[in-house]
Amino acid sequence: MTWTRVLPAATAAQAVEVARAVGGRLAAPDSLPPMPNRPTRLRDGASGAVGCAVLLGQFPGDTWELAAKRCLAAAVHDVEQDEAPQSGLFDGLAGLAFATWTLSRGGVRYQRLLAHLDHLVNREAVARAQAMTERPHGLPFETFDIVSGLTGMGAYLLRRNTNPTALRAVLTGLVALCGWDGDAPNWYTPSSRLEPGSPLAQSLPDGLLNCGLAHGIPGPLALLALAELAGISVAGQRESIETVARWLVRQRVDDEHGPNWPKAVDLSGAASGSRNAWCYGGPGVARTLWLAGTAIDDAALRDLALDAMSAALRRLSDTEVSPDLCHGVAGLLQITVRFAQDTKDPQFVAVAADLTHRLLDLYHPGYRFGFRCADTVPKDTPGLLDGAAGPALALLAAATDVPPQWDRMLLLA
């Protein structure tokens, strides 16, 4: 598919200018301070060196390349200083590998680093996948989600596509996860495996089925669908796509705007609250159902995905005002732009411009990195998922003709 900018020329120019301004701040040598009580910058939800490297790698020129290389070196150093580095896409080695691949110009540069990281990620992914295949039920959702789990590692392996054995092992493990253990889906997380005191544990204390793209079963569904679309399939994969998609359809909750999804449900049908974001709620699930419907050629799923995304855009007055990708405006913009590219629907094109203006209004030259992101308390954070690099990346995706390869990290395409 040919990628074209969706914004009017003047808005696009402003978006690129702001993205470059953010990049300039993140390129400063002091933009990556040590994280208190955390051994690595890498571990802050791709909010540090990894996210900065991905953004800076989008700009041409030697100065930007050197800055991106400096961020990558900082991330490598942090991993080397960590006695037990994590392996996930947003908390460890898979994220570092993704950033390295993004900067490698198709594998031309950083070959030794890529080979080393591929070895580590492949080995860990296969071990995790085999364990999931053997015992796929009753797991904490962090073991299979995009952020820390097997799905995020699979997102990198699918993008890299150089180790069929590791990738197929991951897909096989996720197919096992998509089965059923008696009356409960395998992706059910019992109360004993929930983080004590977490919001989800408080709202659904007896255990839950996570419905969010960031942490729940939509993540594995999106990866299986993208693999199917890439012509990579394992036994039971297509059936798993259909099974999980149908289950998600049954969990929809409608409000005055249209279809939406809760953060999670329990086995009795009780549901938690929702968000209007990539991480939880209609936008992330809508994109997942679109990918699933495309993968198995199900028009009804695609139609529901479009209805759900339209409802999400009617729900903008209820959306959090943080600019970030995870639960803020940038995530909504990136999903909207993806739908605009896929459908050419004028509705999505128009709303992409509106969301861009909302995001530009949240930029402030007085903030350290230009965007101050917030889940509860606004903070100056320098990276991809919940930091300033994310909004800048979304602005570039809407404003330029360059395909946003980076949003494979969000499993949007």
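Which hand does the crossing of α12 and α14 have, left or right? Select both helices and look down through the pair: the crossing is left-handed. A crossing gets that label when the near helix is turned anticlockwise from the far one by less than a right angle, and is right-handed if clockwise.

Before moving on, note that this is a predicted model, where local features need pLDDT of at least 70, side-chain atom pairs count only at pLDDT 80 or more, and totals for chains, interfaces and linings use all residues. Residues are numbered from 1 along each chain as its sequence is written, and side-chain values use heavy atoms, with hydrogens and water left out.

**Stop 1: the helix pair**

Keep α12 (residues 299–314) and α14 (residues 346–362) selected. They pack at an angle of about 35°, and their axes are 11 Å apart. Axes are lines fitted to C-alpha atoms, for helices over the stretch in contact; angles run from 0 to 180 degrees between N-to-C directions. Helices (H or I, at least four residues) and strands (E, at least two) are DSSP runs, numbered from the N terminus.

Now show side chains. On α12, pick L306, M309, S310 and L313; on α14, pick Q347, F348, V351 and L355. These two groups meet, with contact meaning heavy atoms within 4.5 Å. Six of the contact residues are nonpolar, two are polar and none is charged. Here Ala, Val, Leu, Ile, Met, Phe, Trp, Tyr, Cys and Pro count as nonpolar, Asp, Glu, Lys and Arg as charged, and the others, Gly among them, as polar.

**Stop 2: K344**

Step back to the loop between α13 (329–343) and α14, where K344 lies. K344 is not a glycine, yet its phi is positive, about 60°. Most residues other than glycine have a negative phi.

**Stop 3**

Go to helix α6 (residues 150–160) and select T151. T151 is buried, at 0% relative accessibility. Buried means under 20% relative accessible area, exposed over 50%, and partly exposed in between (1.4 Å probe, protein chains only).

Leaving out residues up to four places away in sequence, T151 touches F144, D145, I146, L174, G219, P220, L223 and L411.

**Stop 4**

Select β3, β4 and β7. These three strands form an open antiparallel sheet in the order β3-β4-β7. The edges are β3 (189–190) and β7 (264–265), each pairing on one side only. Strand β4 (residues 207–210) is joined to β7 by two bridges. Strands pair if DSSP finds at least two bridges between them. Pick N210 and then A264 in β7: they are bridge partners.

**Stop 5: two cysteines**

C52 is buried at 0% relative accessible area, and C71 is buried at 3%.

**Last stop: A21**

Finish in helix α1 (residues 9–26) at A21. A21 is partly exposed, at 29% relative accessibility. Then select F369: it is 348 residues from A21 in sequence, but 8.6 Å away, C-alpha to C-alpha.
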